[in-house]
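Hi everyone, thanks for coming.

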Amino acid sequence: MSKGLLIVVSGPSGCGKGTILAEVLKDDRFFYSISATTRSARPGEIDGVNYHFLTKDKFEELIENDGVLEYASYCDNYYGTPRKPVEDMLNAGKHVILEIEVQGAMKIKEKCPDAKFVFILPPSLKELRRRLNKRGTETEDVIEKRLNEATGEIKQAYKYDY
């Protein structure tokens, strides 16, 4: 059995990553790696399905025990990729998709040069703002912070394969 391919997908919050990946993941050759985060769950999100929602102390314990492939701080919360499920699925021949932000993706690029990197661009920043507002889950301050982050992320899209 051959080892699976690691695929890293990034893009600004609200750009459509989830919609695109929902289609890809209909194919059982792919495994979606569920990230861990210290942010609070949004309405309808389920622990272990959308994210592994962890306390800051638990996340920092994972960091200290080399239990994450990568992690970053984004909008005042930790986000990271638990190591064991990724390694297990790759060794089982599954293609593993990591949906992570640019900082984490660049850490993976250093560690896993054979991985493929895909950046999803939003149609425009105006449309991105509309989508984030439509969610109704964040304050205007958080939306502004996400849009500022998006501008910086888009400038790094050239570092991706696709």
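Let's start with Val8, whose bridge partner in β8 is Phe117. Another pair is Ile7, which sits opposite Lys116 in β8. Quick background: this is a predicted model, where local features need pLDDT of at least 70 and side-chain atom pairs count only at pLDDT 80 or more, while totals for chains, interfaces and linings use all residues. Residues are numbered from 1 along each chain as its sequence is written, and side-chain values use heavy atoms, leaving out hydrogens and water.

Strands here are DSSP runs (E, at least two residues), as are helices (H or I, at least four), numbered from the N terminus. Two strands pair if DSSP finds at least two bridges between them. β1, residues 6-10, has four bridges to β8, and the two run parallel.

Zooming out, the open sheet has four strands, ordered β2-β7-β1-β8, with parallel pairing. β2 (30-33) and β8 (116-119) are at the edges with a single partner strand each, so one side of each has no neighbour in the sheet.

Now the helices. Helix α3, residues 83-91, lies across β1, β2 and β7 (95-99), at about 150° to β7. Helix α4, residues 102-111, packs on the sheet and touches β1, β7 and β8, its direction making about 155° with that of β1. Contact means heavy atoms within 4.5 Å. Those angles run from 0 to 180 degrees between N-to-C directions, with axes fitted to C-alpha atoms, for helices over the stretch in contact.
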